[in-house]
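Here is a short report on one protein model. Look at the structure first, then read on.

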Amino acid sequence: MNKKNSIILFLLFSCWSGPGDPAILSKYDFDNVGRLYVKNIRDHSNMLGSGSMILNSVTHNFLKYGYPVNEINDDLFEVQISNGALSLELSCIITEFTDSEMIVIPFRHEDRGYTKTTVQQTAEMDDEKEKSQSSQLQTSTTTTHAGKVREGNKVEYTQSRVGLMLKMIDQQSGNMVWSNSYWYSGLELQRTIDLCIKNSVVQIRKLFP
């Protein structure tokens, strides 16, 4: 397997997990849902403004899939699903929100060196005694290699990671009718957000006719 294919497989298997099976109130009449209200999303403790980034991506994805989106106020958006009588409220909790970062790791590699001894052995013949006797000549050569120390810094990059918990509540009864969690890892934060939200909105769309 070449290097390019290895990188592609790594991204496919390490960056995305989910969605899992959502929790759904099976008896709920999703066909009669007319409005979906998206509540303001609180920031994650890791980053100020993360709630607005997630909310903007949610409304953008609904609009991209053809649903009219109205801003009721700074804390509430209305997504028009159909002419149905029921209304749902979509809320989101950011469970994980981490931007990518560069980590500098110092390293030290010490080579202590080594000594190599080469032994050579040859036979000598005595011509005066009609080669009836022979003697062994043994020589040795010793080579010493000095050690060395390499020091430096290794740069590594961590991936962005976003985790979400979404739930929908019927406004009339207050019953939770749907819930699921998602997470995504990627090299760039905004793209990681968009891909995570895209997958959640695609699944929510399947609830409605």
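**A residue in a strand**

M168 sits in strand 11. Strands here are DSSP runs of E, at least two residues, numbered from the N terminus. This is a predicted model: local features need pLDDT of at least 70, side-chain atom pairs count only at pLDDT 80 or more, and totals for chains, interfaces and linings use all residues. Residues are numbered from 1 along each chain as its sequence is written, and side-chain values use heavy atoms, without hydrogens and water.

M168 is buried, because its relative accessible area is 0% (buried means under 20%, with a 1.4 Å probe and protein chains only). Leaving out residues up to four places away in sequence, M168 touches L36, L88, E89, L90, N175, M176, V177, W178, I204 and L207 (contact means heavy atoms within 4.5 Å). M168 and S91 are 77 residues apart in sequence, yet 6.5 Å apart in space, C-alpha to C-alpha.

**The second largest pocket**

S91 is also among the residues nearest the centre of the second largest pocket, along with N40, R42, C92 and I93. In total, 13 residues line this pocket. Strand 6 has the largest share, five residues.

**Confidence**

The protein chain has a mean pLDDT of 81, and 71% of its residues reach 70 or more (pLDDT is the predictor's confidence in each residue, from 0 to 100). Over residues 1–17, pLDDT stays under 50. For that stretch the model has 16 contacts beyond four places in sequence.

How values were computed:
On a 1 Å grid over the protein atoms alone, a cavity is a set of points where a 1.4 Å probe fits but cannot get out, and a pocket is an open set with protein on both sides within 12 Å along at least five of seven lines; lining residues have an atom within 4 Å of a point. Helices (H or I, at least four residues) and strands (E, at least two) are DSSP runs, numbered from the N terminus. Buried means under 20% relative accessible area, exposed over 50%, partly exposed in between (1.4 Å probe, protein chains only).
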